[in-house]
Amino acid sequence: MRTGKSDISGWLVRPAGGAAWAALVAVLAACAVHAGRVTSDGGMDNAIVVRAARTWLAGGSPYDDPHFLYLPSAVLAAAPQALLPGAVLRVLVPCAVTVLLALAWGCALRLHRVPLRSRLAVLGLTGLAVGFAPFGHLVRLGNWTVTAAVALPLALLLASRGRWTAAGAVIGVAVALKPLLAPVVLLFLFAGRWRAVAATVLVPALASGTAALAMPDPAGFFTRTLPFLFHGDDGFVRLYEASPAAVLPRLGVPGVIAQGLATAGAGAGTLCAYLRWRRADPGPLRLAETGAGLMLSAFLVSRPSYDHYLLVALPLLLAGLPYAGSVARGAWFWVALVPQVPGLTWPWLESERRRAFKDAFTLCVLAATVARRAPAGGADPGDHSDSGGRVDSGDHSDAGRPPDPARAPAVP
C-alpha cells in the first residue's frame, strides 16, 4: 500500500503502547465477566446446543427441540459441554467466545498483513467490543456463530498463502459445527479450487453422516430442521431476524414480495462478489471483499439471520482500513454501523423487539456498500498474481504490505 504524510495508515500499523493494550484487556475481561453474571449455562444459544447433546446422551433425539438448527456433528461437538455443570459453563463459555472473537480479529489482520502489535489491532478490537452491539450480544448468547467468525478469516488467510485445500477443510469443519459458511464454497468455485470445494463438502458430510448413525433419528436434520427453516412459524424468533424477508412483512409488505426482494438482493450481491473476484487485482482485499460479499448476500435471504452474523464479515472489512480503496474507507461503511452503537436510542425503536429494524439497516447498507464497490472499486496495490488470477503466496516484494512502522512517514 502507498501512504503519504497525510495518510493515517502509517500511524495505524505502528506498535500500540502498553496503555492501549491494558485498556483492551480490561474491555474484553469486562465483556466476558458481565456475560457470565447475566447468563446461565453459557448463554441462551449455547444452552440450546448443550441441551440437545444432553438429550442425545439420555437416549433421545436432539431434533425434538425445533430451535436446534445444527447438523448432527454439532451434537458430538457439544457433548463435552453436556458433561460440565452449569456453573462452569457460565464462566467458561463467555471467556471462550471472547477469545475466539479476538482470534478472528487476529486472523483478519494477518490476512491484510497488519502487525498484531499495531494500533489498528488494539483499537479495532476495542472498537468492536465497545462500539458494536452485536459483539456483546454474541458473547452473552454464546452462539456458535463464533466458530464461523473465526473460520472465515482463517480460511482466507490460508488461501492467501496458497493453501487452498486447508482453507476448504477449515470451512468444512465450521460447516460441520454450524452450516453458516456454506456460501463460501462459491469462492472456491470462483477460484477454480476443486480440492478446496471437495474438502468443504466432504468434511461436514462425513462428520455429520457418522454422527447421524449414532442418533435415534438419523434424518432429523432433513425431516425436522429444514422444514422448520423453510416453513416454520416461530413468532419469537422472527422478532429478532434481520433479513429483509423477515423485517419487511412487519412493515406491511406481503411476505411473497419481501422474500422476492430479499432473493433478488442476495442474487445481485452474489453476482457482484463474482465480479469482485474476476477483477483480479492483486492484494488481500480481493479475498476479503469477495468472502464478505458472499456472506452478506446470504444473510439477506437466509432464515434466520441475526445481528451477530455480521461479525462473520465485519472484521474482514475493518482490517482492510489501511489500504486505499478498501470498503472500510468509504463513508457508507461507517454509516451502516451507526445503529449498532450501544446506548444510542432511536425513536420508535426503543423496544428490544424492534432491534431487528436497526440490524436490517446495517445488513442491507453493508451488503450494498460491498456490492457497489466490488465491480470497479479502487485499486489495491498488493501482492503480485499469476496469469490465472490466483493469489500468489510468494513474497515477491513489499508492495501492498502495510508500511513498515520503522520506515513509515511521520503523521503531523
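**Exercise 1. Aromatic cluster**

Task: Which residues form one aromatic cluster?

Solution. This is a predicted model. Select Y63, F68, Y70, W144, F221 and F222: together they form one aromatic cluster. Now widen the search to pairs. The structure holds 11 aromatic pairs.

**Exercise 2. Classify a tryptophan pair**

Task: Classify the ring pair of W164 and W277, and state which parts the pair ties together.

Solution. 
1. Take the distance. The ring centres of W164 and W277 are 6.2 Å apart. Pairing requires centres within 6.5 Å.
2. Take the angle. The planes of W164 and W277 stand at 90°. Over 60 degrees counts as edge-to-face, so the W164–W277 pair is edge-to-face.
3. W164 lies in helix α9 (residues 164–177), and W277 lies in helix α15 (residues 255–279). The pair therefore ties together parts that are 113 residues apart in sequence.
4. Check burial, for which the cut-off is under 20% relative accessible area. W164 has 4% relative accessibility, so W164 counts as buried. W277 is buried too, because its relative accessible area is 3%.

**Exercise 3. A second pair on α15**

Task: Describe the aromatic pair of F190 and Y274.

Solution. 
1. The geometry of F190 and Y274 is 5.1 Å centre to centre, with 65° between the planes. The pair is edge-to-face.
2. F190 lies in helix α10 (residues 185–191) and Y274 in helix α15, so the pair ties together parts that are 84 residues apart in sequence.
3. Y274 has a relative accessible area of 32%, so Y274 is partly exposed.

**Exercise 4. A charge over a ring**

Task: Where does the charged end of R286 sit?

Solution. Return to W277. The charged end of R286 sits over the W277 ring, 3.5 Å from the ring centre.

**Exercise 5. An enclosed helix**

Solution. 
1. The buried residues are A133, P134, F135, G136, H137, L138 and V139.
2. Their cover includes α2 (18–38), α5 (86–111), α6 (119–131), α8 (145–160) and α19.
3. Look just past α7. There, G142 takes a positive phi of about 65°.

**Exercise 6. A surface patch**

Task: Which residues form a nonpolar patch on the surface?

Solution. 
1. The patch consists of V338, V341, L344 and W346, with about 290 Å² of accessible area together.
2. W346 lies in the loop between α18 (331–337) and α19 (355–373).
3. W346 has 31% relative accessibility, so W346 counts as partly exposed.

Notes
Residues numbered from 1 in each chain as written. Predicted model: local features only at pLDDT ≥ 70, side-chain atom pairs only at ≥ 80, totals over all residues. Heavy atoms only, no water. Patch = residues over 30% accessible without salt bridge, like charges linked within 9 Å, V, L, I, M, F, W, Y side chains within 5 Å. Areas by Shrake-Rupley, 256 points an atom, 1.4 Å probe, with all protein chains shown as cover. Salt bridge = Lys/Arg side-chain N within 4 Å of Asp/Glu carboxyl O. Helix = DSSP H or I, 4+ residues; strand = E, 2+ residues; numbered from the N terminus. Buried < 20%, exposed > 50% of the residue type's maximum accessible area, 1.4 Å probe, protein only. Phe/Tyr/Trp six-rings, centres within 6.5 Å; stacked < 30°, edge-to-face > 60°. Lys NZ or Arg CZ within 6 Å of the ring centre and 35° of its normal. Contact = heavy atoms within 4.5 Å.
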